[in-house]
Amino acid sequence: MEKIKSILKNLSSKYLLLPMMLLTTPLAAQTENSSGISPTTAFYVVVVLLIVVAILVMLLAVNLLSLLKAVVYKDMSPEKKANMEKEPNWLSKTWAKWNALRPMEEEQDLVLEHDYDGIKELDNHLPPWWKALFYLSVVYAVIYLLVFHVFKTSPLQEEEYEIEMAMAMAAKTEKEETIVIDFDENNVPFNDNAEALADGKKFFEAQCGMCHKADGGGLAGPNLTDDYWRHGGSMTDIYKTIKNGVPSTAMIAWESKLNPIRLQNVASYVKSLRGTNPPGALPPDGELYVEESKQ
Ligand code: HEC
């Protein structure tokens with residue numbers, strides 16, 4: 001009795017604590033994030049939780065079985081016990097069963113009649129684990145066919161893509177509607193906010209660097225770090241060049257790709273490059289721009 005008690009205690013501490021922890025974590029995460037997790041994430045969380053619970057239940061069952069065995073074993077006659085000990089345990093039996101291949105000693109019985117230029121063939125079956133995988137894949141294919149093509153309960157790739165695009169578009173318009181432009185496009189202020197400059201830098205390096213070099217030193221496009229500008233070097237000039245581009249040059253209009261806030265961030269970043277003097281920069285190009293005191 002004492003033994004059973006200690007086993008049960010051991011079991012409860014091992015297997016009950018874990019699911020409780022797992023069940024409470026998503027709840028805690030959810031309360032923290034009041035904006036809510038997306039349905040897809042929730043679905044995967046539930047699936048993972050179910051798998052974890054299933055595994056725990058299996059472990060518990062195995063433990064209970066061994067407990068039962070221990071109880072039965074206690075009342076067995078010594079001969080029976082000796083017999084049981086001789087038998088291989090279920091694990092090695094199952095292992096052998098799932099890997100069953102006819103051994104090489106039986107090769108003579110397996111060899112097939114035909115002979116291709118001295119190459120003979122053995123009629124050995126595939127191991128059961130392989131066949132089980134094969135049957136499982138057949139079952140999976142049937143379920144897949146029913147779900148995606150017969151009942152159409154889940155969207156196919158293309159539909160999924162369209163749904164996601166629609167969601168992204170909706171999110172984009174929503175975001176754009178909430179953008180407040182608090183500056184006059186004819187007098188764009190330099191934004192020295194570190195976050196804004198970092199945002200501008202990121203965009204510049206990703207989108208503009210290929211022509212102006214990541215450090216702004218110039219490549220196919222002119223050097224943006226000196227005091228010479230083709231289209232003016234004031235914040236407003238730079239903003240407008242980026243927004244409208246330079247017609248019939250490689251410098252396209254970025255208006256459709258950048259919202260005004262980001263445009264201001266990128267222009268501010270370009271402005272902040274002044275005097276950085278990166279190595280290998282292109283020579284001055286255009287007219288000397290002298291900073292006006294009001295900017
Ligand atoms: C495909 C190449 C290319 C890309 C990408 C590009 N530019 Fe340009 N950019 C140019 C060229 C070429 C010019 C010169 C146009 C001209 O002949 O006046 C230019 C000119 C400019 C000017 C005016 C320079 C001056 O001297 O007045 C600014 C500012 C500028 N680009 C900023 C940017 C920013 C910011 C980005 C990224 C959002 C960007 N460019 C992306 C090629 C590019």
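1. In this predicted model, R230 places a polar side-chain atom 2.5 Å from an oxygen atom of the ligand.

2. The ligand takes up the space of the largest pocket. Two elements, α9 (194–212) and α10 (235–244), each give two or more residues to the shell around the ligand. The greatest contribution is that of α9, which supplies six residues.

3. The shell comprises 22 residues, of which C208, C211, H212, R230 and M251 come nearest to the ligand. By class, 15 residues of the shell are nonpolar, six are polar and one is charged.

4. A separate point concerns T225, located in the loop between α9 and β3 (228–229). Is T225 buried or exposed? Its relative accessibility is 4%, so T225 counts as buried, the cut-off being under 20%.

5. The surroundings of T225 may be described at two levels. Its side chain makes a polar contact of 2.7 Å with the side chain of N223. Leaving aside residues up to four places away in sequence, T225 touches D215, G216 and G217, together with the run L273, R274, G275, T276, N277 and P278.

Definitions and conventions
Residues are numbered from 1 along each chain as its sequence is written. This is a predicted model: local features need pLDDT of at least 70, side-chain atom pairs count only at pLDDT 80 or more; totals for chains, interfaces and linings use all residues. Side-chain values use heavy atoms; hydrogens and water are left out. A residue is near a molecule or strand if one of its heavy atoms lies within 4 Å of it. A polar contact is a pair of N or O atoms within 3.5 Å; within protein, one must be able to donate a hydrogen and the other to accept it, and residues adjacent in sequence count only if both atoms are side-chain atoms. On a 1 Å grid over the protein atoms alone, a cavity is a set of points where a 1.4 Å probe fits but cannot get out, and a pocket is an open set with protein on both sides within 12 Å along at least five of seven lines; lining residues have an atom within 4 Å of a point. A molecule sits in a cavity or pocket if more than half of its atoms lie within 2 Å of its grid points. Helices (H or I, at least four residues) and strands (E, at least two) are DSSP runs, numbered from the N terminus. Ala, Val, Leu, Ile, Met, Phe, Trp, Tyr, Cys and Pro count as nonpolar, Asp, Glu, Lys and Arg as charged, and the others, Gly among them, as polar. Buried means under 20% relative accessible area, exposed over 50%, partly exposed in between (1.4 Å probe, protein chains only). Contact means heavy atoms within 4.5 Å.
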